[in-house]
Amino acid sequence: MAKKKKRRLKKKYRILRGIYIAVVVIAAIIVIAYAALKFTVRAPEIKQPDDTGSQTSQEIVPGMTTGDHTRREQTYTFMLCCPDQASGNADAIMLVTYDVPNQKIGMLSVPRDTLVDQSSPKINAAMHKGVENLQSMVSDLVGYPIDFYIQIDLDGFRELVDAVGGVDFNVPVEMYYNDPTQDLSIFFQPGMQHLDGEDAMKVCRFRKNGDGTGYPMGDIQRSETVRKLMITVAKKLVANIGKLDQFVSIMQRNIETNLSATDLTWFVTKAVGVNLDSGVSGDALPGDGSVTYGSTRYCYELEPGKSLEMINRLVNPYTASLTAEDVNIFQISKQNGRGYRATASDFQTTDSSTDTTDTSNTTTTGRDPEYD
């Protein structure tokens, strides 16, 4: 009897040991597969623009000189944008530069009414000819080629926030706006609030109250709110990485991008190491939002010196600083009201070398007269 019991125990032990070995083998396969994926997926190629601004098949490698500049190793540039659901303009535009070796991300908001040299002089109107046209216009403004664009649909943003159970966010100002024609009703008191997807979308869309009040510094302060909310959502996504498949599914349904699936895989394996508290910095291009150009009111005329300093500090992908000759900042002549590309003297009107202020100290006036 004792021998039979002993044999049963040995058989049970062998089964448990077999299960244990199988689990260890499966775990090892997963680890090896992940490591293989991480080390075999190549870094995305950066295409060198030709004289017309189109992308050619020549790959830029570390140390390669393009024009008068050398690209930093594995430093990539992106344009994030969100289309307005009613007007077709770009509702939000943001530049992002990701320095992979140093795990640093710089974010720079481009105010939607930024003055540019086109028939409709606000940069957000470039979206009407497609996201690639907007990418080209923004690239011309900041003086370097933008590698990738990501166009985000507001429905996707709403779904992502709901997928992580909402976010806690400090609403900066009182928000109250009602527009039955858009089925849009916004009402928030300032202070820390828990936002679900619909609420987060409304905070992003808010520009002014029904009586014209709202952000004291207009669209530049709104850009800061959108940027901070995006970082808050990103932190919540990282904290819920177990839902990665769900997040990817939402993104696939709601974004338009020129990033390939392989590119996305490579960036995901790298970006998980970014410290979202210390590794991300951001600001918004400074200027005056009360400018009239021709018959178009409330254009946002950038301050050349401070804007160039900000571009270099946050999103410049080169080893050397961009200069006044690289960027294309459109200005209005005080003498005749005509537009022109900012000259060297325009950049010397402000002391950009000592300007380290953030958007809370940026001087801007005017407000956006239209909600869409």
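Begin by selecting helices α3 and α4, where Leu 154, Phe 157, Arg 158, Val 161 and Asp 162 in α3 meet Gly 197, Glu 198, Ala 200, Met 201, Cys 204 and Arg 205 in α4, contact meaning heavy atoms within 4.5 Å. By class, this contact of α3 with α4 holds six nonpolar, one polar and four charged residues, where Ala, Val, Leu, Ile, Met, Phe, Trp, Tyr, Cys and Pro count as nonpolar, Asp, Glu, Lys and Arg as charged, and the others, Gly among them, as polar.

Before going further, note that this is a predicted model, in which local features need pLDDT of at least 70 and side-chain atom pairs count only at pLDDT 80 or more, while totals for chains, interfaces and linings use all residues. Residues are numbered from 1 along each chain as its sequence is written, and side-chain values use heavy atoms, with hydrogens and water left out.

Helices (H or I, at least four residues) and strands (E, at least two) are DSSP runs, numbered from the N terminus. Now look along the pair: α3 (residues 154-163) and α4 (residues 197-205) pack at an angle of about 135 degrees, with their axes 7 Å apart; axes are lines fitted to C-alpha atoms, for helices over the stretch in contact, and angles run from 0 to 180 degrees between N-to-C directions. That angle makes α3 oblique to α4, given that angles under 35 degrees count as roughly parallel, over 145 as roughly antiparallel, 65 to 115 as roughly perpendicular and the rest as oblique.

Next select the open sheet of six strands, whose order is β13-β8-β5-β6-β7-β14, with mixed pairing; two strands pair if DSSP finds at least two bridges between them. At its edges lie β13 (255-257) and β14 (280-284), each of which pairs on one side only. Within the sheet, β6 (residues 90-99) and β7 (residues 104-109) pair in the antiparallel sense over six bridges, and Asp 99 has Lys 104 in β7 as its bridge partner. Helix α2 (residues 131-142) packs on the sheet, touching β5 (75-83), β6, β8 (148-152) and β13, and its direction makes about 125 degrees with that of β5.

Leaving aside neighbours within four places in sequence, Gln 135 is in contact with Met 79, Ile 146, Asp 147, Phe 148 and Tyr 149.

Finish at Val 142, also found in α2, which counts as buried at 0% relative accessibility. Leaving aside neighbours within four places in sequence, Val 142 is in contact with Leu 95, Ile 311, Leu 322 and Val 327.

How values were computed:
Buried means under 20% relative accessible area, exposed over 50%, partly exposed in between (1.4 Å probe, protein chains only).
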